[in-house]
Amino acid sequence: MAKLATRFDVEALQEFAGEKVFARGEAYFRDGAVTIRRQSDEEVRAIVAGTENYQTELSGSGRDIDGECSCPAFEDWGFCKHMVAVALAVNAKAPVANEDSLGRIRRHLTQQKSADLVALIVELAENDDSLMQRLELASLAVGGDAKALEKRLRQAIDAATAAGRFIDYRAAPGWARKVEAALDALAPLATGKSAEVARRLALHALARIEAASGSMDDSDGHCGALIQSAQDIHVAACKAIKPEPKAFARELLDCILADPNGVFHDAVVDYSEVLGDAGRSELFRLAMAKWEKLPRRAPKRRYDDTSEASYDRLFAILDALAGLKSDDDLRIALRAKTLGSAWDYFQLADFCQRAGRASEALSWAEEGVWTFEDERPDTRLVDLTVGLMKKAGRKADAVQLLDRVFRKDPHLETYNKLRALGGAGGCVAFLEAQSAQKPRPGLAGTLIRIHMQERRYAEAWAAVDAHRADDLLQEALADASRAAFPDRALAVYKSRVEAMVSWGGNREYEESAKLVRVMSSLQGPAEQQAYIAGFKERHRRRRNFMKLIG
């Protein structure tokens, strides 16, 4: 495959890596430390020799560069010197570095005798525990010794999933690779004569992975992917075994109710083929019997973790089964039993609306708003209720609801919704009266933002003088009104510049220099020169900033 000499933009490499890291990567490239294993339009895979041999991958071209490296620096800082070295090797089309060694090796191996290949693989396995384990498990599966196979696979799963001490972020990928190798050895059994072994061990692996997830930093989501792989094996094994439907329904219900992390949340869909009509009917019967024993979830009442889990897991089963039958009445009844929060009411009303039952949707939405009117308004429920009221020709009720919400929790967004309905007339007077009588956090900010939006800048500055306003809001007002109120804007900018320069830092210096340049348009040349001269005198030791303002 022909390769562009400048596949990766060098300036982008310098920008991503930084000056020092780029220089080190360039040195690695010049020293011939890069060996390209595979190269295509999509990706480049390479080995870079350093204190260790690091596996490096790159993708993209030009300034669109992505990838990863097995070195510690990549985990800590991102774009590393090894990635720079590989990109430069690709750009340079170095004969050795850019040779596709995997392709060459593959061609070589296809020409060897099978006995020689066996000897080579055995020799490698003797020095590679991972390869030895993989070959041993494969040989057991072929040998047909089911008990020995299950015992060895269980041991492999236990060894791979062992957490021991806490697994930190850097160690998590290595741990995950070991678990993945054990699951890869288990997966082929799911569709053959050892499917029952695969079914039992998949459940065992699920439990082990879930237990380990609590003892590691899994920020990259390794456990989620591994859990999905183990469940896929379990589903495939169940399909191969074809268990008695009713017995399997009972077994599956037990798994769902005992599931701590939602692994079986979509079990009805995942195992629908295994269950069949008879199994689904039995699962519905069993789940409904337990559901009917649960009391109706009351709003604002606290529940223990066990009862919460029972509601959620049984609901997921019954709702999925009702969905398969398109039984909207049952799905609404299920939701009506779990109204413990404003969010629950929103979900019920939203479901009714999507089911074409606007009247029911509005009824449930209004009940939810009324039930939780003493708490902070739930924006999603309020917006849904307002929308349904408008569709029902109840615009006045929608305005009244939004007005109550605004008075309880004043925000610019609610004001704009009222304004769109022509009902925002009393908002400013309310805010002014409340700010004068009993100031509350955010009232003055909302009042100022409303005046700014309506371009009532004099009123906005008056509100700043009468009430407290944070620096960022004052700066936003200064930006919006500096043509009409240059003196007020100048005062804000001067205060802001003083603060940022005192903090120090190149970013703060750059922002301050921009504000100083803006100030030149708000005062005469003499005033600007005098200001800069005084500023330099006060901050003459800030050399980087002095360079920026000249």
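**Secondary structure and overall form**

I looked up the secondary structure of this predicted model and found 29 helices and 4 strands (DSSP runs numbered from the N terminus, helices being H or I of at least four residues and strands E of at least two). I then checked the radius of gyration: at 33 Å it is well over the 24 Å that the globule rule gives for 550 residues, so the protein is more spread out than a compact globule. That radius is taken over C-alpha atoms, and the rule is 2.2 Å times the number of residues to the power 0.38. Along the principal axes, the C-alpha atoms fill a box of roughly 90 × 75 × 45 Å.

**Conventions**

I note that residues are numbered from 1 along each chain as its sequence is written. Local features need pLDDT of at least 70, side-chain atom pairs count only at pLDDT 80 or more, and totals for chains, interfaces and linings use all residues, while side-chain values use heavy atoms, without hydrogens and water.

**Burial**

I recorded 41% of the 550 residues as buried (under 20% relative accessible area, 1.4 Å probe, protein chains only).

**Helix H18**

Buried residues in H18 include Trp-364 and Val-369. Their cover includes helices H16 (328–336), H17 (342–354), H19 (379–391) and H20 (395–408), judged by contact (heavy atoms within 4.5 Å).

Terms used. Buried < 20%, exposed > 50% of the residue type's maximum accessible area, 1.4 Å probe, protein only.
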